Amino acid sequence: MSRLVDKKIVWCVILMTLLCAFTLVFHIMDRGRVCNVKLESEERLLQICAGKDYIAHADNAKDLLLFENQAIPYDEASNSFYICQDMRQKEYRGTITAASENIAIWMLEDDYAYEFAEALRQSHSFSVWIATQDSYTICKIVFTGLPVVVLDTQEKAGMQYIQGAIHVWNPMDEEIGTISCKKGDAEIKCSQSMETYTVKFMNKEGNEHRKLSVLDMGKYDAWKLYEVSKQDMTYIRSMLAYLVWNRINVGERLDRPCRYAEVIINGEYSGLYLLAPRIDENYLDLEENGKVVSIDMRRDGTGESATVGVTENTGAKRGVAPENSVGNIYEAEAFRFDNLVEYFLFLEMTYAFENVANDFYVAWDEEQGQTFLLPGKIEYSFGIFPNRLQYMTWRAQERMLTPELVDLAAKEGVTEDGDLEQRMGERYRELRKETISDDALFKLVDELQAYLCESGYIARSGANKDGENHYEEKIGELIRYLTERMEVLDKYYGTEG
């Protein structure tokens with residue numbers, strides 16, 4: 001009986017040895033794959049492409065590859081494809097295929113092919129070899145943990161809407177549980193500074209707006225892309241400000257959902273943006289029962305300060321009040337007072353000084369008979385220009401509000417400094433206990449910093465180009481500002497100790 005058992009053990013050992021040998025031979029013969037693309041050594045690739053003409057920069061490179069059967073975001077200047085990945089996974093997801101049966105593709109094998117998280121974090125560029133019968137070219141593939149938005153227009157976008165298309169790549173679409181690409185025809189325009197884009201989804205016929213869910217933020221027909229300020233080398237101040245606003249305002253209806261995205265416009269990589277639904281009647285569920293006006297009090301062409309910006313629906317120039325554009329908005333009975341308190345607290349905390357006089361929305365709700373404020377584009381916040389810091393910004397309310405809005409505020413006693421200050425103090429002390437405690441704010445900073453680092457954007461942006469610890473120094477400056485700012489507000493509103 002024991003001899004029989006011994007034979008079984010011997011045969012098991014032999015079978016296991018053979019299995020390991022076959023596995024080893026298989027891996028030697030097949031070096032592996034990334035997104036279903038076979039990995040090969042440079043020596044082997046040169047052998048495969050021997051006799052073919054090498055094209056350094058193929059004119060049709062962007063049309064040669066597909067990811068999940070969709071065109072891949074492509075930057076012509078760097079000859080790079082951008083493919084988003086879910087950072088929560090441990091390996092590359094999705095399938096890269098050739099756009100034609102006559103095209104063969106391989107990827108150059110390197111250590112990062114087996115180090116998914118590190119490849120994302122270091123923004124590693126993979127070399128992809130693309131060959132036809134007669135020629136071959138070499139492009140780059142960059143895997144990113146961020147969503148990627150592609151805008152395509154036949155002509156350069158300007159301040160008037162033009163026809164175009166949009167593709168939004170989501171590394172993890174919560175609706176389907178995998179990578180997705182939402183695409184569609186669109187009307188696209190941009191600000192004069194080229195820092196903000198407005199996109200409206202259209203149906204195939206181009207005669208009606210189309211609501212589409214983007215990056216799990218809900219279904220809307222109009223979206224904004226805000227370029228992250230080049231002044232902010234932490235890349236998180238604007239997003240942090242939106243998150244603070246969403247935490248301190250009492251109405252979920254007034255939240256500003258937004259997501260980071262890397263943007264490519266007409267084949268040119270444009271960097272990091274915040275994608276958010278456009279604030280309008282549709283977003284606020286006002287429909288026919290209200291109005292939204294975008295306020296901009298920058299100086300107009302005459303050197304005078306304009307008092308009212310443009311409504312989102314008129315298409316007129318900013319800084320000029322179109323005829324009847326605001327009209328009924330001043331027929332409201334008063335401001336929603338808790339909203340005013342929270343909006344001024346938001347300005348206090350973030351020192352988003354552009355939002356004191358510019359880049360904010362005024363909405364009127366006819367059913368409630370109230371007007372309320374929401375932040376627009378947030379570009380300068382959290383001490384990005386500390387030499388301009390004015391510690392108590394709420395006293396500048398007359399600079400922010402138009403004469404008509406000041407009259408509305410007066411109906412709620414807003415022009416009485418003591419009343420507003422008292423209500424702001426009460427709300428601040430309540431929020432400071434938990435919602436905007438030091439720990440809560442620093443946790444947001446840590447989460448945003450980790451997200452951008454792990455996604456590869458920090459490495460890709462060259463944030464440490466001025467020194468190994470340059471990025472960490474900038475984060476340190478933000479932490480110091482937050483610490484000092486909250487200490488000042490604690491003293492002012494009596495929460496210290």
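Colleague: Which residues lie nearest the centre of the second largest pocket, and how many residues line that pocket?

Modeller: Pro 147, Cys 258, Arg 259, Tyr 260 and Tyr 451 lie nearest the centre, and 22 residues line the pocket. The structure is a predicted model, in which local features need pLDDT of at least 70 and side-chain atom pairs count only at pLDDT 80 or more, whereas totals for chains, interfaces and linings use all residues. Residues are numbered from 1 along each chain as its sequence is written, and side-chain values use heavy atoms, with hydrogens and water left out.

Colleague: What makes a space a pocket, and what makes it a cavity?

Modeller: Both are found on a 1 Å grid over the protein atoms alone. A cavity is a set of points where a 1.4 Å probe fits but cannot get out, while a pocket is an open set with protein on both sides within 12 Å along at least five of seven lines. A lining residue has an atom within 4 Å of a point. Grid points are joined across faces, edges and corners, and the volume is the space filled by probe spheres set on the points. The second largest pocket has a volume of about 590 Å³.

Colleague: Which elements give two or more residues to the lining of the second largest pocket?

Modeller: They are β13 (162–173), α4, β19 (259–265) and α10 (438–455). Such elements are DSSP runs numbered from the N terminus: helices are H or I with at least four residues, and strands are E with at least two.

Colleague: How are the residues of this lining divided by class?

Modeller: There are twelve nonpolar, four polar and six charged residues. Ala, Val, Leu, Ile, Met, Phe, Trp, Tyr, Cys and Pro count as nonpolar, Asp, Glu, Lys and Arg as charged, and the others, Gly among them, as polar.

Colleague: How many cavities of 30 Å³ or more are there, and which residues line the largest cavity?

Modeller: The count comes to one cavity of 30 Å³ or more. The largest cavity has a volume of about 40 Å³. Its lining consists of Tyr 226, Glu 227, Val 228, Ser 238, Tyr 242, Leu 274, Lys 377 and Ile 378. By class, these are five nonpolar, one polar and two charged residues. β18 (222–227) and α4 (237–248) each supply at least two residues of that lining.

Colleague: How do you know what span to expect of α10?

Modeller: The expected span is 1.5 Å times one less than the number of residues. The 18 residues of α10 should therefore span 26 Å, and the end C-alpha atoms are 26 Å apart, which agrees. Helix α10 is followed by Gly 456, whose phi is positive, near 95°. For helix α12 (residues 470–493), which has 24 residues, the distance from first to last C-alpha is 35 Å, close to the expected 34 Å. Just after α12, Gly 494 has a positive phi of about 75°.

Colleague: Why is Asn 282 called buried, and where is its place?

Modeller: Buried means under 20% relative accessible area, exposed over 50%, and partly exposed in between (1.4 Å probe, protein chains only). Asn 282 has 16% relative accessibility, so it counts as buried. Its place is in the loop between β20 (268–277) and β21 (290–296).

Colleague: What makes β7 a mostly covered strand?

Modeller: Five of its five residues are buried. Ser 80, Tyr 82 and Cys 84 point one way from β7, and Phe 81 and Ile 83 point the other way. In a regular strand the side chains alternate between the two faces of the sheet.

Colleague: How do you know that β7 pairs with β11?

Modeller: Two strands pair if DSSP finds at least two bridges between them. β7 and strand β11 (residues 135–144) have five bridges, in the parallel sense, and Tyr 82 stands opposite Val 142 in β11. Strand β6 (residues 74–75) is joined to β7 by two bridges and runs antiparallel to it. Tyr 74 stands opposite Phe 81 in β7.

Colleague: Why is the pair of Tyr 92 and Phe 116 called edge-to-face?

Modeller: Rings of Phe, Tyr and Trp (its six-membered ring) pair if their centres lie within 6.5 Å; planes under 30 degrees apart count as stacked, over 60 as edge-to-face and the rest as tilted. The structure holds 22 aromatic pairs. The centres of Tyr 92 and Phe 116 are 5.0 Å apart and the planes stand at 90°, so this pair is edge-to-face. Tyr 92 lies in the loop between β7 (80–84) and β8 (96–98), and Phe 116 lies in helix α3 (residues 116–121), 24 residues apart. Both Tyr 92 and Phe 116 are buried.
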